[in-house]
Amino acid sequence: MAKHSSAASPDRPSTAVQASPADDQSAGLAARGTGGQSRGNRSQVRRGPPIAFLLPAVVAVVGVVVLPAVVSLVYSFTNYDGFNPTHWVGLDNFRTALTDPQTRSSIVNTLKLAVFVLILQNVFGLALALALEKKFFGRSVLKVCFFLPVIISSVVVGYLWQYIYTPDGVLNRFLRLVHLGSLARPWLGDPHAALWAIGVVIVWQLSGYAMVIYAAGLQNVQSELIEAAALDGANRWQRLRYVKLPALAPAITINIALSLITCLRLFDQVVALTNGGPGYSTDTVSTVIYKQAFIQGRYALSAALSVILGVIVFVVVGAQVTVSRRAEAR
Amino acid sequence: MTLTTQARRSRSQFPAPRFTVKPSTVLGRGSLIVVWLVFMLPIYFLVVVSLKTPSQTASHPFSPPIEPRVRNYRDALNASSGTGSASFVQAFFNSVIITVVSVLILVIVGAMAGYYLGRTSSRFSTAVYLSFVAGIVVPLQLVIIPIYRVMDRLGLDGSRTGVIILYVGFLMPFSVFLFTSFVRALPVDFEEAAMLDGCGPVRAFVSVALPLLRPIVGTVAVLDAIAVWNDFFGQLVLLSGSGKETLPITVFSFAGQYTARYDLLGAGLVITIVPILILYLLLQRRVIEGFSSGVRG
C-alpha cells in the first residue's frame, strides 16, 4: 500500500524507481486500464490517456453541434416546412433572406447593434478597468457592482429596461425633470430610437464583462514598465498609450471576439424589450430565425438565415482574431 | 522575477497614506461614484417598482416606497401559477435540475477530453482540438431547428432531459477548450512520477491530475452554470408549453400576461434574480476570476 501514497502525493517528483515487493501489487493495479505494461519494462514509453477519454465529448459535440449544423445547411437548400413534401430549391431561401424586408432589416440591425455595442462596451469596460486599477477603499465593491448585470438573466434585464423606457417611465420623467423634455420620446416605440435604446441596454449589461477582462490584463502589465515610463516623465495619457495599451492587446482581441459572438446572436433582450418591433425595426437575425421557424413554420428559410448567421459569425470573428494576432505580433 | 518583486514591493508604497488630497483624485473618485450611482439606478428602480402599487409608481416613480408593499411578491408568486407555464417556484426547480445535471456532465466529460487533448500531441489530437475551438463560435440558432425536430421525434420535446442533452453538447467545445488549455499548462512531472511508480494513465488522471485541476473545474462549472441558467432561446424552443418550463420562460410568459403591471412583473423579476444574486455575492471573487481567467487562457 505504500505505493498508493507515493502516487497520490505530488510532493515527490521523479521518484527513483524502487524495486520492492510492493511493485508487484501496483503493477497488478496498473494492469487494469488499457493493457498493462510488463513491470520489467521501465524504459519510458509514457502511455497517454486512452482515447476513451475523448470519445464522450466528441460524441456529444458531433451529435449536438456538427450534425445539426450540417442538417440545417441541407434544410436551407430545400423548402422543408414539416408539412408539404420537401424538395430542393437551391439558393431560393438565401435569395429571399437577402431581399425580404424583414430578414434584410434584421441583418442590418444585427450588424448595427454589434458595432454600436462593441465600441461602447469596450470603451466603458476599459475606462472602468483603468479607474479601478489601483487599490482604494471600496474598489472591490465597485467591481462587484459593475459586474453584476452580467450574471442577471438577459430576459430579466430586458424587461427591467422595458419598464425604464416606458413613455411615462423613469427615463422620460427624469428628462422632463431636468428640462430636457424635448429628448423624451417613446424609446421603444420609435423606429429610429428603439435599436439604439436596445444597444444601450446591452452596453449596460455587458460593460462589466469587458471591464473584468481588461482588469485582468492590466494586472499582468509589468509594473516596472509603468514605473519606468513614469520616471521617464510620461504623463498619464502617454503611459496609457505606449505602455498599457500595447500590453492589453490580447485582452482587446478577446473582448472584441466575445463581444461580436454575443452581439451577433442577440435574442433575449430584443424579445423582452420590443420583440422586434415596432414593425421590423429592431428585429435581429436571431429573432427572425425564431419567428420564421416557430411562428410561421418556415423552417427552411429559418435554416438559411441561421446558416447566414453562422457564416457571418465565423467570418467576422475569424478575421478579427487573425488580424489581431498579426497586430499583436508586431 | 526579482526585478518584478522589487518593483511590486516599491509599488505597494505608492498608495501610501497621503497627507494632502489632490483635487484630481477627488474629481476622479467623485466622477467614479457618480458613474456607479447611475449604473446602479436600474436595479434601484427595479426594487422600488416592485414594492409599490401602480398608482404610487405613476405619481412618484423615483422615490423609495413609503410603505413597502411586500404583498406584490406574494401576488406575483401566486399569479405565476396561472400563466399556463410553470410557476416561479416550479421553474426554479426545473432550472436547478437542468443546470446541475448539465454542469456535472460537462465538467466530467470535458475534463476527460481536455486531459486527453492536453496530454496527447499528435496530428489527430490537434485536429480534434481545433474542431472544438471552432465549435465555440457556432451559434445556437444554427443547430436548434434540427435538434428541435429530432427531440420531437424522439419524444424528448418538452423534457428536461432533452434540454440537458442540448447544453451538454453545445457547451462542450467551450468547456473542453478551457480544460485543454489548463492541462497543457500543467507540468507532466507528477503524472510521470505516478506512472513510473506503476500507475496506469487512468489512475494517473484520477489521483494525480484531477486534484490539480480543481481551480479550472471551478471556472468551467461557474461559466457553464451561468450560461445554462440564463439561456432563453434554447429553453424557449424546447420547453415552452411543456409544464416543465424554466425561469427565463416563466418570466417571459408572466411578462406577456401581466404587461404593464410593473408592480407584479418587478416582483417577479426580483424573485427570479435573488437566488443567483445571493450566489454571486457569496462567491464574488470566484465568479469574477472564473470569467476573467477562463477567457484569458
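B:Thr180 is in contact with B:Gly114, B:Leu117, B:Gly118 and B:Tyr129, once neighbours within four places in sequence are left aside. You can find B:Thr180 in helix α8 of chain B, which covers residues 160–185. This is a predicted model, so keep that in mind as you look around, because local features here need pLDDT of at least 70. Let's start with this one residue and then widen the view to the chains and the interface.

- Is B:Thr180 buried or exposed? B:Thr180 is buried, because its relative accessible area is 0% and the cut-off for buried is under 20%.
- The side chain of B:Thr180 has a polar atom 2.6 Å from the backbone oxygen of B:Val176.
- B:Val176 turns up again on the contact list of B:Phe132.
- B:Leu117, which B:Thr180 touches, is also in contact with B:Phe132.

**The nonpolar core**

- The largest nonpolar core has 188 residues.
- Which residues touch the most other members of this core? They are A:Phe147, A:Trp161, B:Phe132 and B:Met172.
- Helix α9 of chain A, residues 194–220, gives the most to this core, with 16 residues.
- Take a closer look at B:Phe132: leaving aside neighbours within four places in sequence, its contacts in chain A are A:Leu54, A:Ala57, A:Val58 and A:Val61.

**Chain A as a whole**

- Chain A has 15 helices and 0 strands.
- Of the 330 residues in chain A, 51% are buried.
- Among contacts in chain A with a separation of 6 or more, 62% are between residues 24 or more positions apart.

- The size of an interface is often given as the accessible area lost when the parts come together.
- Chain B and chain A bury about 9,300 Å² between them, with 75% of it on carbon and sulfur atoms.
- Which residues of chain B lose the most area to chain A? They are B:Phe39, B:Ile145 and B:Asp197, and together they account for 8% of what that side buries.
- In terms of contacts, 100 residues of chain B meet 101 residues of chain A.
- Between the two chains there are 10 residue pairs in polar contact, counting those with both residues at pLDDT 80 or more.
- Helix α2 of chain B, residues 23–50, gives the most to the side of chain B that touches chain A, with 11 residues.
- How many salt bridges does the rule find across this interface? The count is 0.

**Salt bridges**

- Over all chains, the count comes to 9 salt bridges.
- One of them joins the side chains of A:Asp92 and A:Arg95, at 3.4 Å from N to O.
- A:Asp92 and A:Arg95 sit 3 residues apart in helix α4 of chain A, residues 92–99, which is about one turn of the helix.
- A:Asp92 is partly exposed, with a relative accessible area of 38%, while A:Arg95 counts as exposed at 52%.
- A:Asp168 and A:Arg173 form another salt bridge, with their closest N and O atoms 3.4 Å apart.
- Shared partners join A:Asp168, A:Arg173 and A:Arg176 into one network of salt bridges.
- In chain B, B:Arg74 pairs with B:Asp75, the closest N and O atoms being 3.8 Å apart.
- B:Asp75 is partly exposed, and its relative accessible area is 22%.

- B:Leu236 belongs to helix α12 of chain B, residues 233–239, and is buried, with a relative accessible area of 4%.
- Not counting residues up to four places away in sequence, B:Leu236 touches A:Phe267 and A:Tyr290 in chain A, along with B:Ile249 and B:Phe252 in chain B.
- B:Leu236 and B:Ile249 are 13 residues apart along the chain, and their C-alpha atoms are separated by 6.1 Å.
- B:Phe93 is in helix α5 of chain B, residues 88–119, and is partly exposed, with a relative accessible area of 49%.
- B:Phe93 and B:Leu247 are 154 residues apart in sequence, yet 8.8 Å apart in space from C-alpha to C-alpha.

Notes: Residues numbered from 1 in each chain as written. Chains lettered and ligands numbered in written order. Heavy atoms only, no water. Helix = DSSP H or I, 4+ residues; strand = E, 2+ residues; numbered from the N terminus. Buried < 20%, exposed > 50% of the residue type's maximum accessible area, 1.4 Å probe, protein only. Contact = heavy atoms within 4.5 Å. Core = buried A, V, L, I, M, F, W, Y, C linked by side-chain atoms within 4.5 Å. Buried area = accessible area lost by both parts, 1.4 Å probe. Salt bridge = Lys/Arg side-chain N within 4 Å of Asp/Glu carboxyl O. Polar contact = N/O pair within 3.5 Å; in protein donor to acceptor, adjacent residues only side chain to side chain.
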